[in-house]
Amino acid sequence: MKELLDLYENKSPEIVFNWNDPETEAEGWVVINSLRGGAAGGGTRMREGLDMNEVLSLAKTMEVKFTVSGPAIGGAKSGINFNPNDPRKKGVLERWYKAVSPLLKSYYGTGGDLNVDEIHEVIPITEECGVWHPQEGVFSGHFQPTEADKINRIGQLRQGVIKVLENPEVSPDVSRKYTVADMITGYGVAEAVHHYYNIYGGDIKGKRAVVQGFGNVGSAAAYYLSQMGAKVVGIIDRVGGLINEDGFSFEEIKELFLTKQGNTISHPDLISFEEMNERIWSLETEIFAPCAASRLITQDQISSMIETGLEVISCGANVPFADKEIFFGPIMEFTDSRVSVIPDFISNCGMARVFAYFMERRVQMTDEAIFNDTSMTIKNAIQNTFDNNSNRTNISKTAFELALKQLV
C-alpha cells in the first residue's frame with residue numbers, strides 16, 4: 001500500500017490552471033489530477049491562506065473518492081485564496097467562473113465546498129457564464145451523451161441536488177425545506193457507522209458518540225447517529241460545545257440541529273472552546289465523527305480517546321488527522337492500527353455519490369431512493385474492505401490499497 005501511495009502522491013497533476021483576479025488580491029487554482037475516463041470532478045472552496053498544494057491534495061483525494069462513489073473519472077478541485085466574508089466575494093466568484101467556464105463546458109465538473117454554496121452561488125453564477133450545470137463537463141467528457149440525453153440528465157441533476165426533503169424519516173423538519181445537499185453527507189457519515197457495526201459485529205444502539213464540528217456535515221451526522229440509537233455525549237465546535245455523559249436524547253439533538261446558527265452550534269449553556277478542547281478527548285466514547293476542518297486531530301487527542309474505549313472513527317472531514325502527508329501520515333497510521341477508521345473517501349462520499357446517481361439514465365427521484373443509494377454505496381465499500389481484511393484494525397489501509405490499485 002505504501003509503495004502504491006508514494007507513486008500516486010508523487011505523480012504530477014495533469015492540468016494546473018492558475019488565475020489572478022484583475023480586480024482584487026484573489027488568486028485561484030483548478031488542479032486536475034487526471035482526466036481518467038475523459039473527465040474530472042471536484043468542488044470549489046474559498047478561504048484566506050489557501051495555496052495550490054492544498055488544492056492538489058484535495059484533487060487527489062477526490063480521485064480516490066470516485067473509486068467508491070463513481071463515476072470512474074479523475075479527481076480535481078478548485079480553490080480561491082480570498083476571505084469569504086469580504087463583501088467583494090460575489091464579484092470574485094463571478095470572474096472566477098467566467099475564467100474557468102471553458103473547462104466546465106468540456107471536461108471538469110464542480111460544486112460547492114468550504115465557504116462556497118452549491119445552490120446559491122455555484123449553480124446561478126455558472127449558469128450566467130453559459131454553463132448548463134456545474135457538472136456539465138463530466139457529462140461532456142466522460143458520458144459523451146446525445147444532446148437529448150444530456151438535457152434529460154442535467155435536468156435530473158438540477159432537480160435532484162436541490163430537491164426539498166419530504167420524508168420525515170430523513171428530514172429533521174419537513175416545514176423547514178431541507179434539501180438533499182443539506183443532509184446527504186452527514187447521513188453518509190452516520191450510515192458508515194451503522195454498516196460498520198452490521199458488518200464487523202455489534203450494535204450501534206446505545207453506543208456513545210462524540211462529534212467534532214457542527215456545520216452541514218457534523219450536525220446532520222449527529223442527528224442521524226442519534227436517530228439510529230447512538231448516544232451523542234459530546235459535541236465540539238469552533239465556538240464551543242456541549243457535554244452530557246449520559247447522552248443527549250434524540251429530541252435534544254434534533255433541537256440543536258434546528259437551532260444552529262448558520263454552521264455553528266447555539267445553546268444557552270455552551271461550554272467555551274478551550275474547556276471543551278480539554279475535556280472532550282477523555283470522554284468515554286465508542287464512536288467518533290470528526291466533521292470539522294481537515295488536519296486538526298493530534299496524536300495526543302486520539303490516544304486519549306483510544307484509552308477511553310473508542311471503537312470506530314467515521315471521517316466526515318477530509319484527512320481529519322494533523323498529518324502533513326496528503327493521505328496516510330503517521331497519526332492516521334497509528335490510529336488505523338489501533339481502532340477502526342472508516343476513511344473519508346468512503347464515509348463522506350454522499351454528495352459525490354448523489355452527483356453520480358443523478359448522472360445515470362432515468363433514476364427514481366424520491367428521498368428514499370436517493371438516500372438508499374448513498375447508503376448502499378457506503379455499505380458495499382465497507383463490505384469490500386471487510387472481505388479483504390476482516391480485522392477491526394487497518395481498515396483504512398486496506399481500503400486505500402483497493403482504491404489505489406484502480407488508479408496506479
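Which strands does helix 8 lie across? I looked there first. Helix 8, residues 216-227, lies across strand 7, strand 8 and strand 9. Its direction is at about 170° to strand 7. I note at once that this is a predicted model.

**Entry: the sheet**

I went on to the strands themselves. I found an open sheet of six strands in the order 9-8-7-10-11-12. The pairing is mixed. For my own reminder: strands of a sheet pair through backbone hydrogen bonds, either parallel or antiparallel.

Which strands stand at the edges? They are strand 9 (240-248) and strand 12 (340-342). Each has a single partner strand, so one side of each is left without a neighbour in the sheet. From one strand to the next, the twist averages 15°.

I then picked one pair. Strand 7 (residues 208-212) and strand 8 (residues 231-237) run parallel and share five bridges.

**Entry: the cores**

Next I looked up the nonpolar cores. In soluble globular proteins, nonpolar side chains tend to be buried together. Here the largest nonpolar core has 105 residues. Among those with the most contacts inside this core are Met183, Tyr224, Phe288 and Phe400. Which helix gives the most to this core? Helix 7 does, with 13 residues.

I checked the surroundings of Phe400. Leaving out neighbours within four places in sequence, Phe400 is in contact with Met1, Val64, Phe327, Phe328, Met332 and Phe345. There is also a second, separate core of 21 residues. That core includes Met46, Ile80, Leu93 and Trp96.

**Entry: the rings**

How many aromatic pairs does a search of the whole structure find? The search finds 18.

Where do the two rings come from? Tyr178 lies in the loop between helix 6 (147-161) and helix 7 (180-200), and Phe257 lies in helix 9 (residues 250-259). The pair therefore ties together parts that are 79 residues apart in sequence. Both Tyr178 and Phe257 are buried.

I also found that the pair belongs to a cluster. Ring pairs link Tyr178 and Phe257 with Tyr187, Tyr223, Tyr224, Phe250 and Phe371.

Then I looked for charges over rings. Lys260 lies over the face of Phe257, at 4.8 Å from the ring centre. Elsewhere, the charged end of Lys60 sits over the ring of Tyr8, 5.0 Å from its centre.

Most residues other than glycine have a negative phi, and most peptide bonds are trans. I looked for exceptions.

Gly70 and Pro71 are joined by a cis peptide bond, with omega about -15°. Pro71 is in the loop between helix 2 (52-69) and strand 5 (74-81).

Lys177 is not a glycine, yet its phi is positive, near 60°. Lys177 sits in the loop between helix 6 and helix 7. Is Lys177 buried or exposed? At 59% relative accessibility, Lys177 counts as exposed.

Val319 also has a positive phi, about 45°, although it is not a glycine. I placed Val319 in the loop between strand 11 (312-314) and helix 12 (330-336). Its relative accessible area is 8%, so Val319 is buried.

Leu7 lies in helix 1 (residues 2-10). With a relative accessible area of 54%, Leu7 is exposed. I took the distance from Leu7 to Ile119, 112 residues apart along the chain: their C-alpha atoms are separated by 37 Å.

Ser347 is in helix 13 (residues 344-347). Ser347 has 0% relative accessibility, so it counts as buried. What does Ser347 touch, not counting residues up to four places away in sequence? Its contacts are Thr185, Gly188, Val189, Ala192, Ser314, Cys315, Ile342 and Ile378. Last, I looked up Ser347 and Met376, which are 29 residues apart along the chain. Their C-alpha atoms are separated by 12 Å.

Notes: Residues are numbered from 1 along each chain as its sequence is written. This is a predicted model: local features need pLDDT of at least 70, side-chain atom pairs count only at pLDDT 80 or more; totals for chains, interfaces and linings use all residues. Side-chain values use heavy atoms; hydrogens and water are left out. Rings of Phe, Tyr and Trp (its six-membered ring) pair if their centres lie within 6.5 Å; planes under 30 degrees apart count as stacked, over 60 as edge-to-face and the rest as tilted. Helices (H or I, at least four residues) and strands (E, at least two) are DSSP runs, numbered from the N terminus. Buried means under 20% relative accessible area, exposed over 50%, partly exposed in between (1.4 Å probe, protein chains only). A charge sits over a ring if NZ of Lys or CZ of Arg is within 6 Å of the ring centre and within 35 degrees of the ring normal. A nonpolar core is a set of buried Ala, Val, Leu, Ile, Met, Phe, Trp, Tyr and Cys residues joined through side-chain atoms within 4.5 Å. Contact means heavy atoms within 4.5 Å. Two strands pair if DSSP finds at least two bridges between them. Axes are lines fitted to C-alpha atoms, for helices over the stretch in contact, and angles run from 0 to 180 degrees between N-to-C directions.
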